[in-house]
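Subject: Structure for you to look at

Hello,

I am passing on a structure that you have not worked with before.

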Amino acid sequence: MPLAMMNIGEQCEIKRIGGREDTRKFLEKLGFTAGGIVTVISSTGGSLIVNIKDSRVAIGKDMANRIIV
């Protein structure tokens, strides 16, 4: 299921990253890699704040839909 569908406070493992090559590289630089653990901190409007690798990152729901957990 896409990361955008996860509930606040839920922790999950990233299975794969979809999208174009440049999108996957961008997300990888932010720390989103297969096997990584991500926790949804909050969801406001069109964005998510997630905790990944001891950092908080804000991403849009369109990007979050490309991250399969």
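Strand 3 (residues 37–44) and strand 4 (residues 47–52) pair in the antiparallel sense, over 6 bridges. Please keep in mind that the model is predicted. Two of the residue pairs can be located by eye: Val38 has Ile52 of strand 4 as its bridge partner, and Val40 stands opposite Val50 in strand 4. The two strands make a hairpin with 2 residues between them. Gly45 is in the turn and has a positive phi of about 55°.

Strand 4 also pairs with strand 5, again in the antiparallel sense and over 6 bridges. Here Ser47 stands opposite Gly60 in strand 5. Strand 4 and strand 5 form a hairpin too, with 2 residues between them. In that turn, Lys53 has a positive phi of about 50°.

These pairings belong to an open sheet of 4 strands in the order 1-3-4-5, with antiparallel pairing. Its edge strands, each pairing on one side only, are strand 1 (11–13) and strand 5 (55–60). On average, and ignoring direction, neighbouring strands of the sheet are turned by 35° against each other.

Which residues of strand 4 are on its covered face, and which on the uncovered one? Leu48, Val50 and Ile52 are on the covered face, while Ser47, Ile49 and Asn51 are on the uncovered one.

Is Thr39 buried or exposed? Thr39 has a relative accessible area of 17%, so it counts as buried, the cut-off being under 20%. Leaving aside residues up to four places away in sequence, Thr39 touches Gly9, Glu10, Gln11, Ile49, Val50 and Asn51.

Now the protein as a whole. There are 2 helices and 6 strands, and from the N terminus on the elements run β-β-α-β-β-β-α-β. Along the principal axes, the C-alpha atoms fill a box of roughly 30 × 25 × 20 Å. Of the 69 residues, 38% count as buried. Among contacts with a separation of 6 or more, 54% come from residues 24 or more positions apart. The accessible surface comes to about 4100 Å², and 49% of it belongs to carbon and sulfur atoms.

Regards

Technical notes
Residues numbered from 1 in each chain as written. Predicted model: local features only at pLDDT ≥ 70, side-chain atom pairs only at ≥ 80, totals over all residues. Heavy atoms only, no water. Pairing = 2+ DSSP bridges. Axes fitted to C-alpha atoms, helices over the stretch in contact; angles between N-to-C directions. Buried < 20%, exposed > 50% of the residue type's maximum accessible area, 1.4 Å probe, protein only. Contact = heavy atoms within 4.5 Å. Areas by Shrake-Rupley, 256 points an atom, 1.4 Å probe, with all protein chains shown as cover.
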